[in-house]
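Hi,

Here is the structure I promised to pass on.

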Amino acid sequence: MTKPLEFARTFSVTVKTLAFIGIPSCLSRYPEAWSAAVKANRGLIVSFLSLAYCVLGQLVYFWTNIRLLEGEGMFLEFANQIACTRFCTVGLLKLFMLSYHRNLLAGMLAELAAWWNEKNKIPPERVQNLAQIRPTMNIVTVITIINVCMVSAFNLLPIAEMIVQGAQTGTWHRKLPYQIWFPWDSLTGWSYPLMYAFQIYSGLIVVIGNVGFDCIFYLIAAHLSVQLNYLNKSIEQLLDDNKLTVEKSTKNNLDVERFKSDLFELIELHQKLLDYKALLESIFSFTFFITFSGATIIICLQGIMIKTASSYVVAKYFMFFICILLEIYFLCNYGHVMLRNNLNIGTSAFHGFCYKPAVNRGGINIEIGKCLVLIIMRTQKPFQLTAWKFWPLNITSFSKVPLNKNMHFKYCLHMFTFRSSMHRGHIFHF
């Protein structure tokens, strides 16, 4: 027999990744004493302040330098700074939300863990159902590795560029991964390697904060999907196993009462899952709205850069492009899975409905029928998470991401090409 999967193990990769930048486990609450809470979260405080300075420094740099640029160079610098600032700002917001909702997350995860441990004690077929969480664990691991590798490559690209330029021209021009304002010259003396290390560390904070926040959502959504699937199968099995019992309900009240008790327990579980959905909405909804809003703009800008800029810029920002698409896809995918599993519950209740008039004469099955009708009605209201009520998290939303065929992207591309063509003295036609 396969050893049951422990609940804490499903979050192990995410917990260890977040611990790298000082964020404590989402499975535990804040200490009650302020001094103990600050001590336990000192790494988080350092990471948050470092990232906050990066965001502020990028905004100051952009404001002080954008007036010095013109033509195509202004647009490329604008797109570059917007992409980096958006990336850091969303990471900062996610770190804040993880901190602000820490106790809410820990409380919900404690309840999910209690249910998980209870179901792991029953027969092996339930273990197979719980094992459906393993693909999400693998996805979380792969996403974390991909994002860390992509940001690490982005951070190290200036070194590769300096080496190539030095070999070709014989002169070295120092560069940094991000354009951040400092009150001193960050490209001279010992300041340069220190500032480069600081930016590499800040880049890791951004990517780990982004990925950690999203992976917590993926895992919670996967756990809720497992419970929705368990609820669906349990309703199917309950109605199938008790079909004869319900038909003989006028002669065997004990079996009917047991059947009603099991059904009411499943209804309570469904109500609990609806409460979890509302809690997820309150924790993640606003952050996902910022993520979707920023992604729409950044995908358009980066699409233009990829289509018009040099190969170096294409290689550099194609990484951002892939990271954003992966993030949006998995958010929509896990939202869609929960939506679909909730609809399956209503389908199972409908297929198990008993219509035989002989049963209803006793008056016992009428109450059961009303409960099934309520289940069917409730599942017609989508188990739908949204990005602040604007974007529903489903595959349809992902299909509307502004790529090449989207009019918004084409409009931005047309405007940029027209302006750059006028600057060069000629015009392109689409």
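A quick one to start: is Cys332 buried or exposed? Cys332 is buried, at 0% relative accessibility, where buried means under 20% relative accessible area, exposed over 50% and partly exposed in between (1.4 Å probe, protein chains only). Cys215 is buried too, with a relative accessible area of 1%. As for disulfides (pairs of cysteine sulfur atoms within 2.5 Å), a search of the whole structure turns up zero.

Before you read on, this is a predicted model, so local features need pLDDT of at least 70 and side-chain atom pairs count only at pLDDT 80 or more, while totals for chains, interfaces and linings use all residues. Residues are numbered from 1 along each chain as its sequence is written, and side-chain values use heavy atoms, with hydrogens and water left out.

Now the helices, which are DSSP runs (H or I, at least four residues; strands are E, at least two), numbered from the N terminus. Helix 8 covers residues 134–169 and reaches 52 Å between its first and last C-alpha, close to the 52 Å expected; the expected span is 1.5 Å times one less than the number of residues. Even so, helix 8 has a kink of about 35° at Leu156, shortly before Pro158 (the angle is between axes fitted to the seven residues ending there and the seven starting there).

A cavity is a set of points on a 1 Å grid over the protein atoms alone where a 1.4 Å probe fits but cannot get out, and lining residues have an atom within 4 Å of a point. Grid points are joined across faces, edges and corners, and a volume is the space filled by probe spheres set on the points. The largest cavity holds about 140 Å³. It is lined by 14 residues, and Asn147, Val211, Asp214, Cys323 and Glu327 are the closest to its centre. Helix 5 (71–100), helix 8, helix 9 (191–241) and helix 12 (311–351) each give that lining at least two residues.

Last, the loop between strand 1 (386–387) and strand 2 (391–392), where Trp388 sits. Trp388 has a positive phi near 55° and is partly exposed at 42% relative accessible area. Lys389, in the loop between these strands, has a positive phi near 70° and is exposed at 69%. Most residues other than glycine have a negative phi.

Cheers

Definitions and conventions. On a 1 Å grid over the protein atoms alone, a cavity is a set of points where a 1.4 Å probe fits but cannot get out, and a pocket is an open set with protein on both sides within 12 Å along at least five of seven lines; lining residues have an atom within 4 Å of a point.
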